[in-house]
Amino acid sequence: MKPDLAEALEAQLLHQVGVSPDAATTDDLMLGVAELARQALSRRWVATQSRERTERARRVYYLSMEFLMGRTLGNALAALDLQGPSAEALKAHARTLEDVAVREPDAALGNGGLGRLAACFLDSMATLGLPSMGYGIRYEYGMFAQEIQAGQQVEYPDPWLENGTPWEFPRQGVHHTVRFGGWVEHHGERSIWRAAGQVQAKACDMVVPGHRTDKVSTLRLWKAAAPAHIDLHAFNAGDYQRAAGVKNEYENISWVLYPNDSTPAGRELRLRQEYFFTAASLQDIVQRHLAEHGTLANLADRVAIHLNDTHPAIGVAELMRLLVDEQDMAWDAAWALTGQVFSYTNHTLMPEALETWPVGLMQQVLPRHLEIIFRINADFLAMAARARPGDHDFLRRLSLIDETGERRVRMAHLSIVGSHKVNGVSALHSKLLVQTIFADFAALWPERFINVTNGVTPRRWLEQANPNLAALLDARIGTGWRHELTALKALRAVAGDTTFQREFAAVKLANKQRLAQAIEAATGVRVQPASLFDVQVKRIHEYKRQLLNLMHVVARYHDILAHPEGPDGRGWVPRTVVFAGKAASSYHTAKTIVRLIHDVGRVVNADPRIGERLKLVFMPNYGVSVAEVVMPAADLSEQISTAGTEASGTGNMKLALNGAITIGTDDGANIEIREAVGDDNLFIFGLKTPEVLALREAGYQPLALYEADPVLKATLDAIGGGRFSPEEPGRYRGLVDSLLWGGDHYLLLADFAAYRAAQARVDALYRDPSAWTAMAIRNVAGMGGFSSDRTVRDYARAVWAIEPRP
């Protein structure tokens with residue numbers, strides 16, 4: 001195809017896009033090139049599926065509420081080795097490949113690290129040749145598009161499918177019925193669920209290509225379709241709203257990722273979403289297995305189902321329902337199969353973040369599943385009681401039903417009981433899981449709990465996001481790092497090489513210039529590429545402590561005003577602080593922090609006394625494509641969560657892989673990054689997890705810290721007193737009071753002084769360009785263990801029992 005790509009593109013424009021090649025717009029060209037790639041991917045997909053059916057391969061099915069795929073075109077062309085030929089073909093139209101690629105909207109199928117991790121895993125599964133399929137929801141509008149109006153986050157639908165997408169393959173013959181509500185009839189040992197309503201789940205596939213292989217993985221997304229399009233009788237009678245009511249009632253299941261769950265209707269919709277995609281996926285898996293094998297007796301030999309967090313946890317009860325109610329399998333045999341099939345990844349240490357559902361709501365939406373969960377719980381507690389006779393507190397903590405207050409189903413508990421392996425996503429996280437929130441389960445089943453540290457795909461996050469650095473690495477150490485990231489360790493030997501340092505620094509500066517242009521286009525703020533780019537890009541949440549970062553910005557602002565000559569008389573290291581991330585639509589505190597960032601930036605950026613020494617910007621609508629511009633340009637990577645709260649993080653890995661130096665706490669995967677790059681090659685500060693626990697047990701007194709530290713006091717007084725919001729002086733009083741009088745749950749005040757000291761060390765190193773660049777190179781060199789290829793290999797061997805066949 002390559003030699004004829006220019007001719008093939010002309011043909012696509014004429015016959016598929018429907019335009020004259022001479023009149024093709026940039027959007028037309030994007031569709032034309034995408035269609036060529038789609039055809040090649042389709043051939044690989046058909047060959048892969050045929051091979052797997054013939055071999056009756058054992059497959060892994062990865063169930064996730066999110067798949068944050070980003071743009072597909074660049075990744076597809078790289079996997080097909082068509083980047084060069086495509087660029088050449090586009091020259092005839094006076095376009096670059098970059099001009100065309102940016103016209104593709106990000107697929108709005110996820111929000112943060114959970115969804116991006118799932119996307120990286122599909123890339124690695126395909127590259128490693130694992131027979132695999134991801135399952136999720138085909139969201140019409142995704143999370144939301146974030147706009148900033150008067151400094152405040154405003155959410156709008158993200159119509160990523162408004163003009164269709166060239167990457168999906170609608171599977172007209174693949175659909176499953178998903179039912180809700182109603183009641184359960186019992187006839188002896190047989191239970192019959194009489195549902196009150198149903199929706200069709202229609203399959204749309206996206207092909208995820210492997211790199212340096214013809215194998216692909218599949219992402220199957222479910223679209224909700226009402227059983228009848230409209231009530232025609234109501235329509236003909238003129239009641240148009242009622243005519244479309246049923247259609248909207250069911251099809252809204254696949255409209256939006258994470259609907260606002262602050263209302264009863266929002267909570268019910270979210271439960272329906274989770275069951276909808278899980279039920280459709282499990283029906284699909286069982287149907288495929290029966291078509292290939294004719295029996296379910298060997299289901300556990302050929303099927304591995306992985307739960308990415310608790311959103312698909314209802315799958316444990318759903319598989320039992322399918323096996324017992326639909327396939328007439330005995331309960332004990334069905335339970336044995338279920339436990340062998342499922343595995344579960346936990347992504348949080350915070351008890352309040354573990355998903356639970358009111359028993360009453362589950363009774364209303366999924367009555368048969370509630371019955372099944374009650375029976376699973378009864379059998380499980382009977383087993384646990386034999387292990388610890390008379391220990392009622394032990395049973396209360398283990399129960400799948402939380403009986404304190406409103407009775408609630410504990411979905412993490414269901415996931416653990418129904419899985420043969422449970423893993424955390426960093427060494428610290430996995431250790432804390434078995435010591436804290438799941439200690440009782442670990443006492444029963446110590447062998448069930450393992451660690452699999454997260455990773456990121458170097459194809460997306462280095463080769464594609466940072467092509468100039470990728471080319472530099474190719475020239476110095478060869479191209480093998482794309483598929484065996486440990487090859488990066490060869491860079492340690494050249495970290496001090498002045499020629500390589502100069503080349504490395506030139507790449508970084510070019511990336512910073514590109515980001516500076518993007519910042520000005522998005523925010524109107526002009527920043528200096530020569531300044532230190534200090535980056536914190538992630539979901540806005542109190543435990544991630546964007547507010548601590550902002551407190552340092554305010555303190556630095558005060559310091560510059562008080563000492564314009566600099567702390568040592570040598571002036572200030574110019575710094576550009578970059579935030580990006582979305583706050584959940586119902587998370588008031590997070591949205592307040594977004595507004596405070598803008599208010600502080602408005603004052604700092606306009607102060608002529610500050611000039612270019614400090615800039616503060618917020619990049620709106622953070623997603624994969626924004627990250628691909630920000631991360632290659634970062635000098636400093638902010639990973640400052642309270643120790644013991646971040647499960648792993650993957651942004652820390654992507655940033656370090658692109659030559660950013662970490663400033664962070666000993667939390668999540670920061671610890672493993674520190675071990676990989678060396679203690680002297682990043683800036684660790686603050687309390688460690690045991691010290692956090694000890695401080696809280698001793699009776700933490702944030703007010704005493706405030707009174708004792710004049711810098712901290714001046715910082716909080718400025719924020720709370722209206723220095724940055726003179727039009728509404730009390731705007732941030734509540735935020736400050738939550739720290740001083742509300743307990744400062746995430747210990748910002750406790751770590752503030754240590755954080756400022758670490759930032760002073762950052763300034764000192766940045767004054768020495770050679771030393772800074774050498775440290776940045778050593779960070780890249782140490783990232784070999786953080787490839788998602790390694791992560792997926794670990795899962796394949798320790799959890800899924802599938803041997804990679806790259």
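Tutor: This is a predicted model, and a place to begin is the residue after helix α26, Gly-678, whose phi is positive, near 100°.

Student: What makes α26 itself (residues 670-677) largely enclosed by the rest of the structure?
Tutor: Buried means under 20% relative accessible area, and six of the eight residues of α26 are buried, so the helix is described as largely enclosed. The buried residues are Asn-670, Ile-671, Glu-672, Ile-673, Arg-674 and Val-677.

Student: Why is Ser-648 called buried?
Tutor: The relative accessible area of Ser-648 is 2%, and the word applies under 20%, so Ser-648 counts as buried. Ser-648 lies in the loop between β20 (636-639) and α25 (651-657), and, leaving out residues up to four places away in sequence, Ser-648 touches Val-425, Ser-426, Asn-454, Met-653, Gly-668 and Ala-669.

Student: How do you know that the side chains of Ser-648 and Asn-454 make a polar contact?
Tutor: The distance given for that pair is 3.4 Å, and the cut-off for a pair of N or O atoms is within 3.5 Å, so the pair qualifies, provided that one atom can donate a hydrogen and the other accept it.

Student: Why is Asn-260 called partly exposed?
Tutor: Asn-260 has 33% relative accessibility, and the term covers values between the 20% limit for buried and the 50% limit for exposed, so Asn-260 is placed in the middle class. Asn-260 lies in the loop between α8 (240-251) and α9 (264-293), where a polar contact of 2.6 Å joins its side chain to that of Ser-262. Not counting residues up to four places away in sequence, Asn-260 touches Gly-266, Ser-585 and Ser-586.

Student: What makes β5 and β16 edge strands?
Tutor: The open sheet of nine strands runs in the order β5-β8-β9-β2-β1-β10-β11-β15-β16, with mixed pairing. Because β5 (168-180) and β16 (449-451) each have a single partner strand, one side of each is left without a neighbour in the sheet. On average, neighbouring strands of this sheet are turned by 25° against each other, direction ignored.

Student: How do you know that β1 and β10 pair, and in which sense?
Tutor: Pairing requires at least two bridges, and β1 (residues 59-63) and β10 (residues 303-308) have five, in the parallel sense. One of the bridges links Tyr-62 with His-306 in β10. Helix α11 (residues 315-326) packs on this sheet, touching β5, β10 and β11 (342-345), and the direction of α11 makes about 170° with that of β11.

Student: What is the order of the open sheet of three strands, and which of them are its edge strands?
Tutor: The order is β12-β14-β13, with antiparallel pairing, and the edge strands are β12 (356-358) and β13 (401-402), since each pairs on one side only. Three bridges join β12 to β14 (residues 408-410), and Trp-357 has Val-409 in β14 as its bridge partner.

Student: What makes β3 and β4 a hairpin?
Tutor: Strands β3 (residues 145-149) and β4 (residues 152-156) pair in the antiparallel sense over five bridges, and two residues lie between them. Gln-149 is the bridge partner of Gln-152 in β4, and Ala-150 in the turn has a positive phi of about 55°.

Student: How many disulfides does a search of the whole structure find?
Tutor: The search finds zero, where the test is a pair of cysteine sulfur atoms within 2.5 Å. Two cysteines can be set against the accessibility limit of 20%: Cys-120 is buried at 1%, and Cys-204 is buried at 7%.

Technical notes: Residues numbered from 1 in each chain as written. Predicted model: local features only at pLDDT ≥ 70, side-chain atom pairs only at ≥ 80, totals over all residues. Heavy atoms only, no water. Helix = DSSP H or I, 4+ residues; strand = E, 2+ residues; numbered from the N terminus. Axes fitted to C-alpha atoms, helices over the stretch in contact; angles between N-to-C directions. Contact = heavy atoms within 4.5 Å. Buried < 20%, exposed > 50% of the residue type's maximum accessible area, 1.4 Å probe, protein only.
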